[in-house]
Amino acid sequence: MEHTSDNLHVKERLEDHSKEREAAAKRRRNIMNNWVPPMITFLVFLSLWQFGTQWLQIPVYILPTPTDIIAASIQNSDRLLASATTTILESVIGFVFSVVIGVGAAVIMASSKILERSLYPYAILLQTIPIVAIAPIIVIWFGSGMNAIVIIAFTIGFFPMLSNTLIGLNATDRGMINLMQLYKASKWEIMWKVRLPAALPYIIAGLKISCTLAIIGAIVGEYIAGIGGGAGGLGYAITVASTTMEIPYLFACGIAASFLGIAFFLLVSLLSKVLLGSWHESEMNVEN
Amino acid sequence: MKSAQSIVQEMQPEEVEETSIVSMRQVSKVFPNGYTAVENVNTSIKEGEFVSFVGPSGCGKSTIFKMISGLISPSEGELEILGESGSDQQQQSNDVGFVFQDATLLPWRSVIKNVMLPLEFQNLSKAEMKEQAEEVLELVGLKEYAEALPRQLSGGMRMRVSIARALVAKPKLLLMDEPFGALDEITRQSLQSELLRIWESQKMTVLFITHNVFEAVYLSTRVAVMTPGPGKIASTVDIPMPFPRTDKVRTSHQFSDIVGKVSQDLKF
């Protein structure tokens with residue numbers, strides 16, 4: 001057969017385990033190279049902060065030391081945990097809504113140019129109104145508490161999902177769509193079998209933006225619409241801590257919020273690896 | 001190669017059914033912007049033929065293919081495919097296979113799942129789909145790569161997958177639009193030989209677009225030479241060389257004579 005040399009070439013690529021091992025070692029070296037420098041920066045920064053504030057005798061209500069913040073977190077761990085749990089719950093619900101409604105709206109707009117032209121400008125409009133202006137209105141309509149906060153978190157995460165998904169759906173390879181039309185595939189079959197999977201990398205990019213925005217949205221929402229105690233979430237805890245001058249606890253709340261954002265982002269990155277790892281350039285370990 | 005030879009013997013002219021699978025009478029296509037892509041094309045393609053359309057860019061080769069595939073309809077003239085007029089082609093989609101210059105595979109699907117794609121629009125069970133897909137993958141020599149992803153394959157192998165996908169629904173007519181245009185010469189030649197082997201064993205009709213005269217002459221039973229401005233068929237050249245055609249054919253006198261004639265016709 002004429003194609004044996006061609007096939008052998010690929011077989012080499014598929015089956016060369018020693019190369020795979022080499023690549024694993026390379027990945028380990030990469031982890032060292034990627035993680036050690038920022039860790040060192042972090043430690044230097046922490047010690048400068050710790051000893052600098054002590055040496056300059058900066059009062060705790062202006063800048064608490066890292067140890068002050070850790071002490072405050074441990075001392076108030078019940079409050080902190082309750083607030084964080086509330087924030088997680090609100091942002092996850094808001095995020096899920098923004099994903100479902102954002103992708104759904106993009107699918108509808110991508111299947112009809114007229115709908116896209118008539119709806120998309122208003123989605124942009126919604127995006128350009130500052131969230132701090134929308135939030136009080138939402139509170140007036142839905143009352144203080146969970147509902148309003150979830151809606152605020154949704155509002156802030158919705159547009160990145162919509163616009164990313166829409167770009168992805170509209171960027172599908174024309175040749176592939178032509179081919180599907182030749183198979184007499186219906187509009188929805190083309191959407192389901194070709195356009196949505198092809199848009200997946202764009203959808204994931206949207207998820208990565210929206211997941212951290214959802215946390216910000218929830219905290220902004222709590223700041224405005226938070227209700228008392230742990231049920232008020234981190235945003236509410238921050239307002240309380242700033243009025244009662246519990247500055248180390250204020251820092252602890254801020255840092256906890258940032259940790260939530262990072263954890264959320266890492267989870268979405270993991271999902272991205274699982275969904276795209278085998279076929280999309282963005283998630284492959286390119287060796288060349 | 002013995003089996004291929006015996007099949008060719010079965011296909012002696014007197015046994016070939018003389019039904020025309022594509023017929024075009026005075027077909028013209030004028031686009032809404034006033035551009036005449038093809039004008040007064042007359043052609044009749046019989047079952048079992050391998051017809052190449054050769055011509056420079058802009059001579060309307062692809063427009064003819066789009067009309068045959070039903071993506072666009074002719075502005076004038078009559079077009080019949082598999083005995084049905086161009087307007088009611090809804091029923092025959094399974095009888096026509098398509099291969100483009102780009103392999104257009106879905107990168108997230110394995111080779112076999114890509115090949116199964118056309119079958120998903122028919123009422124077949126999963127097992128039947130898998131069986132048919134494995135059959136054509138064997139035909140193109142990629143059976144052991146069924147679970148590989150497209151990105152793991154070379155350009156030539158991706159084109160083989162694309163051909164397998166076109167063949168999986170057992171089409172009577174295969175339309176190929178510059179399928180080997182993006183491949184290197186060595187891969188191109190080996191795929192040409194394989195295409196001929198598949199054509200001989202599957203007893204189907206192939207319409208093939210190319211701007212490579214050597215490729216057209218090597219593959220075809222007949223070459224339609226097209227000229228641009230507006231696109232029309234300038235001449236039709238019969239290629240009387242017997243099948244199976246080996247690589248030796250490429251260097252024979254008869255081959256270069258025919259290539260010379262086709263090249264002459266291309267210059268009006």
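Which residue lies over the face of B:Tyr218? In this predicted model, the residue is B:Arg250, at 3.8 Å from the ring centre.

**View 1. Charged groups over aromatic rings.** B:Arg250 is placed over the face of B:Tyr218, 3.8 Å from the centre of the ring. A second case involves two chains: the charged end of A:Lys193 sits over the ring of B:Phe121, at 5.8 Å from the ring centre.

**View 2. An aromatic cluster in chain B.** B:Phe50, B:Phe180, B:Trp199 and B:Phe208 are linked into a cluster by ring pairs. Over all chains, the count of aromatic pairs comes to 11.

**View 3. Strand S1 of chain B and its partners.** S1(B), residues 20-30, runs antiparallel to S2(B), residues 36-46, and seven bridges join them. Five residues lie between the strands of this hairpin, and B:Gly34 has a positive phi near 90 degrees. S1(B) is also joined by five bridges to S4(B), residues 76-81, again in antiparallel fashion. B:Ser23 stands opposite B:Ser44 in S2(B) and opposite B:Glu80 in S4(B).

**View 4. The six-stranded open sheet of chain B.** The strand order is S6-S7-S8-S3-S9-S10, with mixed pairing. S6 (96-99) and S10 (232-238) are the edge strands, each pairing on one side only. On average, neighbouring strands are turned by 20 degrees against each other, direction ignored.

View 5. S9(B), residues 222-227, and S10(B) run antiparallel with six bridges, and B:Val225 stands opposite B:Ser235. Helix H8(B), residues 253-266, packs on the sheet and touches S3, S9 and S10, its direction making about 25 degrees with that of S9(B). Helix H5(B), residues 155-167, lies across S6 and S7 and runs at about 165 degrees to S6(B).

Notes
Residues numbered from 1 in each chain as written. Chains lettered and ligands numbered in written order. Predicted model: local features only at pLDDT ≥ 70, side-chain atom pairs only at ≥ 80, totals over all residues. Heavy atoms only, no water. Phe/Tyr/Trp six-rings, centres within 6.5 Å; stacked < 30°, edge-to-face > 60°. Lys NZ or Arg CZ within 6 Å of the ring centre and 35° of its normal. Pairing = 2+ DSSP bridges. Helix = DSSP H or I, 4+ residues; strand = E, 2+ residues; numbered from the N terminus. Axes fitted to C-alpha atoms, helices over the stretch in contact; angles between N-to-C directions. Contact = heavy atoms within 4.5 Å.
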